[in-house]
Amino acid sequence: MALLGQTVICGLLLGGMYALIAIGMTLIMGVMKIINLAHGSLVMVGMYVTYVCYRTWGLDPYLGMLVAMPVLFVLGCVIQHFLINRLLEVESILPENQVLLTVGISLVLTEIIRFIFKSDYRSITTPYTGEALLVGGMSVSIAMAIGFVIAMVFTYLLHLFLTRTDLGCAIRATAQDREAAQYMGVDARRVTVITFGLGSALAAAGGSLLLPLFYLWPDIGHLFTAKAFIITILGGMGSTTGALLGGLTLGVAESLGATYIGMGYKDVVGLVIFLLVLLFLPHGLRSLVKR
């Protein structure tokens with residue numbers, strides 16, 4: 001039982017950090033109505049910004065995150081304003097072309113990072129990287145526990161931002177009905193730029209929290225794109241609460257798979273769940289609530 005409890009707890013802690021990344025994706029998808037396949041690359045860039053802060057100034061990754069988030073916010077706003085918005089303004093453009101644009105952005109970001117840092121695997125070591133808390137015979141990673149708490153704080157702050165501020169209400173209105181929001185005086189173009197920047201900042205935050213737990217290399221973004229997309233489908237597209245539930249579900253599933261099947265099958269478990277949800281719960285886990 002101790003092994004099962006430890007496995008579930010570790011899965012929940014990891015899933016909370018996955019959820020923060022996925023919330024950034026579902027926020028962008030909810031407002032813009034396109035699949036952002038560059039999201040994982042934004043996570044990767046955020047991780048490299050945090051890594052540079054660690055190597056250059058000795059900043060703890062949780063402090064480096066406070067540098068990475070503004071950098072990715074600006075990068076996200078630039079990408080949205082100069083690339084995606086220009087494509088959205090073309091009425092005859094196909095939705096597939098919008099997706100292809102995000103794929104192209106992902107490839108460009110990946111290759112720029114590869115040119116600067118090469119393809120070497122990198123990692124960081126902090127005083128708490130290998131430390132663990134012993135609770136009832138279970139060992140819980142301190143790095144995972146800290147990352148989970150910070151992820152939940154950011155999730156709560158995002159909830160307050162979306163529900164208690166005028167800009168947050170404008171984002172929600174644009175996500176629900178863009179044309180109606182524009183008739184009510186909402187500057188939808190400005191909202192989409194800020195939303196993409198906010199989603200990119202959340203991606204950087206999630207990547208920074210995971211940096212002490214993962215090796216870093218330019219292609220790691222593809223892994224996080226897949227995870228964020230699986231979580232978004234699990235939780236239901238456009239739902240931040242669903243993304244949190246989907247992240248926790250994926251984290252527990254991966255942890256159970258790594259413990260009882262094999263570490264090499266950890267990511268396969270998530271993909272199997274993804275296929276099952278697409279087949280039987282196309283609206284995500286919230287379909288179970290409606291039933």
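**Reading the packing**

Tutor: Start with handedness: α9 and α10 cross in a right-handed sense. Keep in mind that this is a predicted model.

Student: Which residues of α9 and α10 make the contact?

Tutor: From α9 come K227, I230, I231, L234 and G235. From α10 come G242, A243, G246, G247, L250 and E254.

Student: How does that contact of α9 with α10 divide by class?

Tutor: There are 5 nonpolar, 4 polar and 2 charged residues.

Student: At what angle do α9 and α10 pack, and how far apart are their axes?

Tutor: The angle between α9 (residues 220-235) and α10 (residues 240-260) is about 120 degrees, and the axes lie 7 Å apart. Therefore α9 is oblique to α10. The cut-off matters here: roughly perpendicular covers 65 to 115 degrees, and roughly antiparallel begins over 145.

Student: How do the axes of α1 and α10 cross?

Tutor: They come within 6 Å and cross at roughly 140 degrees. So α1 is oblique to α10 too. The crossing of α1 and α10 is right-handed. By class, this contact has 17 nonpolar, 10 polar and 1 charged residues.

Student: Where is T7, and what does T7 touch?

Tutor: T7 sits in helix α1 (residues 2-32). Setting aside residues up to four places away in sequence, T7 touches S255, L256 and T259.

Student: Is T7 buried or exposed?

Tutor: Compare the relative accessibility with the cut-off: buried means under 20%. T7 has 4%, so T7 counts as buried.

Student: Now the rings. How many aromatic pairs are there?

Tutor: The count is 5 aromatic pairs. Look at two values for each pair: the distance between ring centres and the angle between ring planes. For Y62 and Y128, the centres are 5.6 Å apart and the planes are at 10 degrees, so this pair is stacked.

Student: Which parts does the pair of Y62 and Y128 tie together?

Tutor: Y62 is in helix α3 (residues 61-88), and Y128 is in the loop between α4 (95-117) and β1 (132-135). The pair therefore ties together parts that are 66 residues apart in sequence.

Student: Are Y62 and Y128 buried or exposed?

Tutor: Y62 is buried, at a relative accessible area of 11%. Y128 is buried as well, at 13%.

Student: What kind of pair do Y121 and Y215 form?

Tutor: An edge-to-face pair. The ring centres of Y121 and Y215 are 6.4 Å apart, with 80 degrees between the planes. Y121 lies in the loop between α4 and β1, and Y215 in the loop between α8 (188-210) and α9, so this pair ties together parts 94 residues apart in sequence.

Student: Are Y121 and Y215 buried or exposed?

Tutor: Both are exposed. Ring pairs also link Y121 and Y215 with W217 into a cluster.

Student: On to glycines. Where is G64, and is G64 buried or exposed?

Tutor: G64 is in helix α3. Relative accessibility is 0%, so G64 counts as buried. Leaving out neighbours within four places in sequence, G64 is in contact with T50, C53 and L59. Its C-alpha is 8.5 Å from that of V52, 12 residues away in sequence.

Student: And G137: where does G137 lie?

Tutor: In the loop between β1 and β2 (138-141). G137 is exposed, with a relative accessible area of 65%. Between G137 and A2 the C-alpha distance is 6.4 Å, although they are 135 residues apart in sequence.

Student: Last, the backbone. What should I expect of phi?

Tutor: Most residues other than glycine have a negative phi. Now check K118: its phi is near 65 degrees, a positive value in a residue other than glycine. K118 lies in the loop between α4 and β1. At 49% relative accessibility, K118 counts as partly exposed.

Notes:
Residues are numbered from 1 along each chain as its sequence is written. This is a predicted model: local features need pLDDT of at least 70, side-chain atom pairs count only at pLDDT 80 or more; totals for chains, interfaces and linings use all residues. Side-chain values use heavy atoms; hydrogens and water are left out. Axes are lines fitted to C-alpha atoms, for helices over the stretch in contact, and angles run from 0 to 180 degrees between N-to-C directions. Helices (H or I, at least four residues) and strands (E, at least two) are DSSP runs, numbered from the N terminus. Angles under 35 degrees count as roughly parallel, over 145 as roughly antiparallel, 65 to 115 as roughly perpendicular and the rest as oblique. A crossing is left-handed if the near helix is turned anticlockwise from the far one by less than a right angle, and right-handed if clockwise. Contact means heavy atoms within 4.5 Å. Ala, Val, Leu, Ile, Met, Phe, Trp, Tyr, Cys and Pro count as nonpolar, Asp, Glu, Lys and Arg as charged, and the others, Gly among them, as polar. Rings of Phe, Tyr and Trp (its six-membered ring) pair if their centres lie within 6.5 Å; planes under 30 degrees apart count as stacked, over 60 as edge-to-face and the rest as tilted. Buried means under 20% relative accessible area, exposed over 50%, partly exposed in between (1.4 Å probe, protein chains only).
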